[in-house]
Amino acid sequence: MRRSYSVRKIQRHQRKPSELQLVSMIDIFTVLVTFLLMTAVFSRTVILELKLPPANAEFKEPPPGLQLEVVVRKDLLMVDDRNSGPLATFPNKEDGAYDYDALSQYLQRVKSKYPDKTDATVLLEPDTAYDTVVQVMDRIRVLEVSAGLNVEQYELFPDISIGDAPIVAGVNP
């Protein structure tokens, strides 16, 4: 038997509203939050402390010994001693990429001769790519050696200062 529209309308208005099941909803949210926290990927940001020279720095006579500088140019990497001049030059590879491996090997030999030295200076040309700066600084700070399936890291020159590379005569900036 079919009820009339008015009877159904009256019955609809007389119904109690259904209650919200809060306990089961809290259970679902607890499981969801737990799952999201367990699967979240926490990124690790590495901050490298740089030592910049003060604006009013007076020139002091450098102490005897090695004053290590790595000069980054568009076509090469050069290792210098501030007192005596260039020590080694590493031109870019044929594909135009910097020869970071040769730089690491050379700095390893320098570290073996000067084991107590911890500071180095990176001198950059204008418009040097940020990735290049990071790669050079990483190679100066740490030497990575493969030992089977593991990669071991050895400290080279962790105290890094940065500055502008000297202008080469005859080259227009």
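Contact, as used in these legends, means heavy atoms within 4.5 Å. The structure is a predicted model, in which local features need pLDDT of at least 70 and side-chain atom pairs count only at pLDDT 80 or more, while totals for chains, interfaces and linings use all residues. Residues are numbered from 1 along each chain as its sequence is written, and side-chain values use heavy atoms, with hydrogens and water left out.

**View 1. An open sheet of 5 strands in mixed pairing.** The strands follow the order β3-β2-β1-β4-β7, where strands (E, at least two residues) and helices (H or I, at least four) are DSSP runs numbered from the N terminus, and two strands pair if DSSP finds at least two bridges between them. At the edges are β3 (85-91) and β7 (159-164), each of which pairs on one side only. From one strand to the next the twist averages 20 degrees.

**View 2. Helices α3 and α4 across the sheet strands.** Helix α4 (residues 130-141) lies across β1, β2, β4 and β7 and runs at about 160 degrees to β4, whereas helix α3 (residues 100-113) lies across β1, β2 (76-81) and β3, at about 145 degrees to β3. Such angles run from 0 to 180 degrees between N-to-C directions, with axes fitted as lines to C-alpha atoms, for helices over the stretch in contact.

**View 3. Strand β1 beside strand β4, with Glu69 in β1.** Strands β1 (residues 68-72) and β4 (residues 119-124) run parallel and are joined by 4 bridges, and Val71 stands opposite Leu123 in β4. Glu69 counts as buried because its relative accessibility is 11%, the classes being buried under 20% relative accessible area, exposed over 50% and partly exposed in between (1.4 Å probe, protein chains only). Leaving aside neighbours within four places in sequence, Glu69 is in contact with Met78, Val79, Asp80, Arg82, Thr121 and Leu123.

**View 4. Asp127 in the loop between β4 and α4.** The phi of Asp127 is near 65 degrees, a positive value in a residue other than glycine. Most residues other than glycine have a negative phi. Asp127 is exposed, because its relative accessible area is 77%.

**View 5. Leu32 in helix α2 (residues 22-39).** With 40% relative accessibility, Leu32 counts as partly exposed. Leu32 is one of the residues making a nonpolar surface patch of about 830 Å², together with Leu20, Leu22, Met25, Ile26, Phe29, Phe35 and Leu36. Patches are made of residues with over 30% relative accessible area and no salt bridge, like charges being joined within 9 Å and nonpolar side chains (Val, Leu, Ile, Met, Phe, Trp, Tyr) within 5 Å; a salt bridge is a side-chain nitrogen of Lys or Arg within 4 Å of a carboxyl oxygen of Asp or Glu.

Definitions and conventions
Accessible areas come from the Shrake-Rupley method with a 1.4 Å probe; for residues, only the protein chains shown count as cover.
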